[in-house]
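Welcome! Open your viewer, get ready to select residues, and let's take a walk through the aromatic rings.

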Amino acid sequence: KFGVIGHQDNWKKIVDFVNSIRITDGNPELSQAKIKEVYGYFPPTKLFDIQINSKVSGFVEGYYIESFLSPDELGHSHIWNNLKKTREACEKAAQLGVDVVALGGFTSIILESGGANLQAIQGTKFTTGNTLTAALIADSLVKACQKWNQPLKDSTLLIIGSTGDIGSACVRYFSNKVKKILLTARNPAPLHQQEEQLKSEKANCLASTHVSELLPAADLIICVASSVLPENYLDLLQSHAIICDAGYPKNLNSENVKPSQKIYAGGMCLVEEGYCFSPEHFQKNIYEFPLPNISHGCTMESVVLALEGQSLAFSKGRGNINLENMAYILAAAAKHGIVTAPFFNSKGLIN
Ligand code: NDP
């Protein structure tokens with residue numbers, strides 16, 4: 001069995017699913033304000049079962065465990081409480097006898113941060129799911145360049161969040177495939193260390209902590225920062241820019257994109273043979289995508305590992321993703337019919 005530990009990124013989803021699991025006895029729905037008061041006190045809970053249909057192995061079963069981290073409390077000042085809750089969610093997964101668990105969104109911090117590093121509880125292994133996410137981002141951008149006639153080797157690629165776990169994997173993948181690579185993050189020390197490393201490998205690169213200085217030069221942009229960037233940043237981009245936004249919350253607002261610019265959700269996959277949740281209503285409440293059978297790369301990493309009988313902590317720490325593992329997990333996923341998602345954003349499918 002596989003497991004997925006997650007959390008919600010907005011109150012609308014939370015209000016919907018909390019009201020859907022309440023026994024109301026005819027009482028009115030709980031308001032957002034009421035739910036906000038108590039949400040942080042909910043213990044991690046298994047909310048629903050998941051069935052994924054593999055092309056070669058048929059159905060594989062797993063659980064979704066909600067960590068109940070508050071979307072308002074994902075910042076540094078709440079880190080210890082969030083680590084504690086994530087640890088409890090991991091223990092819950094171990095009690096349920098899950099073989100391998102993906103830590104979605106913010107919960108992956110427990111595997112990325114040195115101090116709280118977690119390898120396994122009893123026989124249950126944990127993975128951030130970031131290797132498959134990075135592989136899907138890379139594969140989608142290669143396909144986007146083919147689709148929209150923007151040759152990679154002639155392109156300048158900007159990676160927003162280049163020093164992060166997924167960002168650094170994308171840097172590794174693309175640094176010798178593009179004309180120039182632009183790097184950005186807020187902390188100057190790791191950023192300039194990354195720039196020096198790339199220069200020593202003869203890559204054509206430039207780093208700056210000021211994203212706005214780099215945007216006008218970019219043909220391609222990968223967004224893997226955990227921050228929303230200012231609205232006017234899209235205006236700084238070239239009219240032919242292709243943007244793969246894999247961050248949560250979404251780093252750039254796809255509503256404001258020019259018709260000639262392409263912005264799509266990155267790190268996503270399509271489960272060709274489909275999946276279902278039980279109870280079914282969670283599919284709408286929690287997994288709301290404009291297309292059917294779409295899922296996050298990070299969650300599908302645990303599914304692929306379970307299907308392959310590989311109960312191991314595949315992605316852990318920060319900055320450890322290598323190209324060999326990216327190629328392996330992407331190919332293993334494809335074998336089971338879990339492939340790079342078609343291009344879509346909040347407005348729907350992009351042609
Ligand atoms: P990390 O925390 O390892 O990396 C985040 C990176 O973003 C760091 O380089 C950080 O550097 C940088 N950053 C943060 N804020 C800003 C900012 N305002 N401007 C510029 N750079 C910034 O995260 P991960 O690599 O694990 O994940 C990256 C993103 O991908 C997250 O948003 C995560 O939710 C999302 N994700 C998506 C998945 C999917 O399936 N689509 C799966 C897994 C993750 P610094 O702190 O120095 O600024």
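**A tour of the rings**

Start by selecting W11: this residue is buried, with a relative accessible area of 9% (buried means under 20% relative accessible area, by a 1.4 Å probe on protein chains only). Before moving on, note that this is a predicted model, where local features need pLDDT of at least 70, side-chain atom pairs count only at pLDDT 80 or more, and totals for chains, interfaces and linings use all residues. Residues are numbered from 1 along each chain as its sequence is written, and side-chain values use heavy atoms, with hydrogens and water left out.

Rings of Phe, Tyr and Trp (its six-membered ring) pair if their centres lie within 6.5 Å; planes under 30 degrees apart are stacked, over 60 edge-to-face, and the rest tilted. The count by this rule is 15 aromatic pairs. The ring centres of W11 and Y39 are 5.5 Å apart with planes at 70 degrees, so this pair is edge-to-face.

Now select F17 and F282. Their ring centres are 6.5 Å apart and the planes meet at 55 degrees, so this pair is tilted. F17 is buried at 0% relative accessibility, and F282 is buried at 1%.

Last stop: select K177, which lies over the face of Y173 at 4.0 Å from the ring centre (NZ of Lys or CZ of Arg must be within 6 Å of the ring centre and within 35 degrees of the ring normal). Then try K250, lying over the face of Y248 at 4.3 Å from the ring centre.

Definitions and conventions:
Buried means under 20% relative accessible area, exposed over 50%, partly exposed in between (1.4 Å probe, protein chains only).
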